[in-house]
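Keep the structure open beside the text and look up each residue as it comes along.

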Amino acid sequence: MKRSGKVWVFGDNINTDLMLPGPLLRATEAEQRDAVFAGNRPGWTKLVKPGDILVGGRNFGIGSGRPAARSLRNLALGCLLAESINGLFFRNAVNFGLLALECPGVHSAFEEGQTAEVSVTAWTVRNLETERSLSLKPIPDQLLALMLQGGVFPYLEKTGMVARRA
């Protein structure tokens with residue numbers, strides 16, 4: 001499976017508070033989605049398009065266990081690629097169906113606006129402008145399946161383990 005999209009570059013230690021500000025914890029998902037990165041990149045959510053790819057540095061998603069990954073998923077990002085991903089944020093990415101992958105060297109391999117092509121079958125990412133290719137850190141098949149199928153609750157509904165939401 002391949003995904004490609006325009007790259008948006010962010011730095012190291014991107015905190016979950018930048019993705020889901022505390023005052024919006026009880027807001028609607030649409031309001032939360034529209035506030036992603038408003039504190040450091042106002043208006044970004046109006047620029048990002050479905051399928052775009054977010055590239056982060058080290059320790060992406062540091063902070064609390066708030067469902068910030070859901071806000072990124074609700075932007076319809078193609079995926080998140082980062083040098084490293086905070087463990088709690090990664091677990092929330094699995095839970096909410098955000099494809100989040102670690103890729104050493106990815107931050108320096110892309111400039112904002114370039115196009116990335118991600119393959120989770122070959123575990124590679126390629127910069128389509130420079131032709132540079134990097135290896136992704138593979139994740140277990142079960143976690144990848146949860147991310148690609150929309151997260152834990154859609155999986156549980158699909159398998160009949162919980163009732164479908166109306």
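This is a predicted model: local features need pLDDT of at least 70, side-chain atom pairs count only at pLDDT 80 or more; totals for chains, interfaces and linings use all residues.

Residues are numbered from 1 along each chain as its sequence is written, and side-chain values use heavy atoms, with hydrogens and water left out.

**The sheet**

Let us start with the strands. Helices (H or I, at least four residues) and strands (E, at least two) are DSSP runs, numbered from the N terminus. Two strands count as paired if DSSP finds at least two bridges between them. On that basis, 7 strands make up an open sheet with mixed pairing, in the order 4-3-2-1-5-6-7. At the edges sit strand 4 (100-102) and strand 7 (133-135), each of which pairs on one side only. From one strand to the next, the twist averages 30 degrees; such angles run from 0 to 180 degrees between N-to-C directions, with axes taken as lines fitted to C-alpha atoms.

Within this sheet, strand 1 (residues 2-9) and strand 2 (residues 53-56) run parallel and are joined by 3 bridges. To find a spot where they face each other, look at Val7, which stands opposite Ile53 in strand 2.

**The cysteines**

How many disulfides does the whole structure hold? A search finds 0, where a disulfide is a pair of cysteine sulfur atoms within 2.5 Å. The sulfur of Cys79 has its closest cysteine sulfur in Cys103, 9.8 Å away, which is too far for a bond. Cys103, likewise, is in no disulfide. Cys79 is buried, at a relative accessible area of 0%, and Cys103 is buried with a value of 0%.

**The salt bridges**

Side chains of opposite charge can pair when their charged atoms come close. A salt bridge here is a side-chain nitrogen of Lys or Arg within 4 Å of a carboxyl oxygen of Asp or Glu, and by this rule the count comes to 10. The table shows three of them.

| Pair | N to O distance | Relative accessible area |
|---|---|---|
| Glu29 and Arg70 | 3.9 Å | Glu29 38%, Arg70 15% |
| Arg33 and Asp34 | 3.3 Å | Arg33 26%, Asp34 43% |
| Glu112 and Arg41 | 2.6 Å | Glu112 38%, Arg41 21% |

The salt bridge between Glu29 and Arg70 links distant parts of the chain: Glu29 belongs to helix 2 (residues 29-34) and Arg70 to helix 4 (residues 68-73), 41 residues apart. Glu29 is partly exposed, whereas Arg70 is buried.

Glu112 and Arg41 also meet in a salt bridge. Glu112 is in the loop between helix 6 (106-109) and strand 5 (115-119), and Arg41 is in the loop between helix 2 and helix 3 (44-47), so the pair ties together parts that are 71 residues apart in sequence.

**A nonpolar patch**

On the surface, Phe153, Tyr155, Met161 and Val162 form a nonpolar patch with about 400 Å² of accessible area together. Patches are made of residues with over 30% relative accessible area and no salt bridge, where like charges are joined within 9 Å and nonpolar side chains (Val, Leu, Ile, Met, Phe, Trp, Tyr) within 5 Å. The areas come from the Shrake-Rupley method with a 1.4 Å probe, and for residues only the protein chains shown count as cover. Tyr155 lies in helix 8 (residues 152-158) and is partly exposed, at 34%.

**Two positive phi values**

Ala76 is not a glycine, yet its phi is positive, near 65 degrees. Ala76 sits in the loop between helix 4 and strand 3 (79-82) and is partly exposed at 36% relative accessibility. Trp123, also not a glycine, has a positive phi of about 55 degrees. This tryptophan, Trp123, lies in the loop between strand 5 and strand 6 (124-127) and is buried, with a relative accessible area of 15%.

Definitions and conventions: Buried means under 20% relative accessible area, exposed over 50%, partly exposed in between (1.4 Å probe, protein chains only).
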